[in-house]
Amino acid sequence: LIFVFLGSTISLSCNYLAITTDKTKGVFQYEVRFFPNVDSLHLRMKYLNDHKEKLGGCKTFDGTTLYLPILLENQMTVFVSKTECEDVEIRILFKKKEELKNCIHLYNILFDRVMKTLNYVRFNRKQFDPSRPKIIPLAKLEVWPGYVTAVDEYEGGLMLCCDVSHRILCQKTVLDMLVDIYQQNVDNFQECARKSIIGNIVLTRYNNRTYKINEICFDQTPCATFQSKSGATSYLDYYKKYHNINIKDINQPLLLSIKKSRINSDENENIQFGLIPELCYLTGLRDDIRSDNKLMREIATFTRVSPNQRQMALDKFFDNVYKTPAAREILESWGLLLTKNYNRLKGRQLDIEQIYFSKQMVSAGKNAEFSKYAVNNEMFHAVHIQKWILIHLRNDLKAANNLLDNMKQCCKSLGINVSKPTMISLDHDRIDAYIQALRRNIDLNLQIVVCICHNSREDRYSAIKKICCSELPIPSQVINAKTLLNETKNRSIVQKIVLQMNCKIGGSLWTVKIPFKNVMICGIDSYHDPSNQRSSVAAFVASMNSSYTQWYSKAIVQTKGEEIVNGLTACFEDALKIYEKRNGYLPESVVIYRDGIGDGQLNICSKYEIPQFESVCRDQIKITFIVVQKRINTRLFSGSDNHCENPLPGTIVDNHITRAKMYDFFLVSQLVRQGTVTPTHFVVLRDGTNYEPDIIQKLSYKLCFLYYNWPGTVRIPACCMVSNLFIILI
């Protein structure tokens, strides 16, 4: 194996702040015992707080384990708390000084406290500033700016990753929304209301807390009573007494939110919150907002943040912490100091890739885009379209003729021969009309089915794909008729349609040079449907040739209780058999790219999932297993302090901000002109082939060129993109 690596060193910056620790302090663990025994966590906290000053003034206590930033003088320290009935003796036994790797969780808790002192509101793991909302008046929306922070141990030491985030908040109350729903759907009001509200996160401004709505109780109103610490009380009286709020509509239903009890988590006890719709505000992007392109563009003006703006936000966060005495005191009491060091990062720029077509090789350029070459060169491997059907509405005959005329003009330059299709004209734009036409005309000799639809409708598209993907498996192409009536763009649109069609019937548009011999590359993605917790879907793809342009694919759907890896190993065995049948031999090694794995699952994946794949190979085939993470908060910037830009495609970072005890690296594979590019994080959990880091990094970048829906690079390797697309179709 010869792999020439000619990367150049570049200077970068990132969104990480260094945390230095005071050597005279640390995190010391103690066990706390009460005599006589005290069952109540609240009382345990109260009794220990009686001696807070003697413990140094700051602590973290969960009822049994106590963490202090100082070492007490004695191995066992005894305090006595006075109560009305009897004295309670508190014995504090020193256990150990925690290592840095065991302090990460505590340090993240400390930064949550820091954000609280800055008056930020927490949404899941993110913190937002309610005092600086950006208003979108016509849509009655607010955009709250904020941050997402995470402390971890990296090669460069202890650091805080801090990134800009935003949260959408509706200015209309849930009650206003319920009224609108009632006016539009009087007959099915309750059903429509549940569909629109349940599952959403709401904010209550009187305490800036968030709740997930689990149910709408139409049989209860604010006049209903519930049990509080002082006894039975109505919601009307409770809000007046504790929040000085007069509820206006006494006939509105109640919203129910259910949260798991943290104190009695072993017993699976739930805490129920009754919420008043007129005091609740929906957060996040609803479906009606996502479907409004104009509104989404307006929201993007606030949320699509440039590299310069991110650096300014990071500086502002540092200044806020440094200039707020309470925030600084929290960190200093535990011996922590936040420092700026995000300009000390060295990365590498990989060489420009060469793209291979049938008769020509072209450069992808520094931007890794080659769209003008993709439509003017013969495909790497063309499949002639000889037997196919074209289904269209009678009213869309002009669009169908435009498609055929432009196909004749553009196919010659692409190296494809296209025969005349069997034309099927439909009188009515009904889903059942398309289904019947497909069932009547699909046969084993067909290469592909093309459907021209009058407009874009999700239900129609899903019905067509269901027939063509599962009931009568055949490649299919669905086209919106409106795109074929644009005279100025018709030729370029049809060129892209032809390229897609050829890919679906086994053609290859282009390739890059991957100097591997007898190596199979696999991609895996998995999806767990939150609305249907009983099932999971996983997709598996594997390369079948040396140019990595032909892929075997298979999806599995498994119910809760079945291990998804069992189905994946079965797919892997099938792929090896087909590879051997096509090539006459088994691969010597396999590189598996695994998407859909978070940090919390890496250990399980390493200990359980990878050995299953290795058992299939039986020491005959070497395995390299790489986890691909795209939902990360790391950001990389190039340029100077005053003018930051997005790094170019092919930028690699494998030091300083990589994990201290992992084999990992970051790759920027795409050119981003708007907003800030998000690198992809690759974690090598197993390297049975003993490839050099340069080889794995270069391979990962090359694979980003082989997704044929885009003439350029995508964010993750093509094998992962294909498996991801496969899951969407399932």
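Student: Which helix gives the largest share of the lining of the second largest pocket?

Tutor: H13 does, with eight residues. Keep in mind that this is a predicted model.

Student: What else supplies at least two residues of that lining?

Tutor: Besides helix H13 (458-471), the list has strand E28 (476-480), helix H14 (490-504), strand E32 (551-559), helix H15 (564-583) and helix H18 (718-729).

Student: How much space lies in the second largest pocket?

Tutor: About 1,800 Å³.

Student: And which lining residues are closest to its centre?

Tutor: Lys504, Ser553, Leu725, Phe726 and Leu729, out of 39 residues that line the second largest pocket.

Student: How does the lining of that pocket split by class?

Tutor: There are 23 nonpolar, 11 polar and five charged residues in the lining of the second largest pocket.

Student: Is Cys280 buried or exposed?

Tutor: Buried, at a relative accessible area of 0%.

Student: What about Cys468, how far away is the nearest cysteine sulfur?

Tutor: For Cys468 that sulfur is on Cys451, 6.1 Å away, and Cys468 is in no disulfide either. Cys468 counts as buried because its relative accessible area is 2%, and the cut-off for buried is under 20%.

Student: Next, Leu110. Where does Leu110 lie?

Tutor: In helix H2, which covers residues 104-117. Leu110 is buried, with 0% relative accessible area.

Student: Which residues does Leu110 touch, leaving out those up to four places away in sequence?

Tutor: Ile330, Trp334 and Leu336.

Student: And Thr60, how far apart are Leu110 and Thr60 in space?

Tutor: The C-alpha to C-alpha distance between Leu110 and Thr60 is 9.5 Å, while in sequence the two are 50 residues apart.

Student: Last topic, strands. In what sense do E16 and E17 pair, parallel or antiparallel?

Tutor: Antiparallel, over four bridges; strand E16 is residues 225-228 and strand E17 is residues 231-234.

Student: What joins E16 to E17?

Tutor: A hairpin, through two residues.

Student: Which residue in E17 does Gln227 stand opposite?

Tutor: Ala232.

Terms used:
Residues numbered from 1 in each chain as written. Predicted model: local features only at pLDDT ≥ 70, side-chain atom pairs only at ≥ 80, totals over all residues. Heavy atoms only, no water. Buried < 20%, exposed > 50% of the residue type's maximum accessible area, 1.4 Å probe, protein only. Disulfide = S-S within 2.5 Å. Contact = heavy atoms within 4.5 Å. 1 Å grid on protein atoms, 1.4 Å probe; cavity = no way out; pocket = protein on both sides within 12 Å on 5 of 7 lines; lining within 4 Å. Points joined across faces, edges and corners; volume = space filled by probe spheres on them. Nonpolar A, V, L, I, M, F, W, Y, C, P; charged D, E, K, R; others polar. Pairing = 2+ DSSP bridges.
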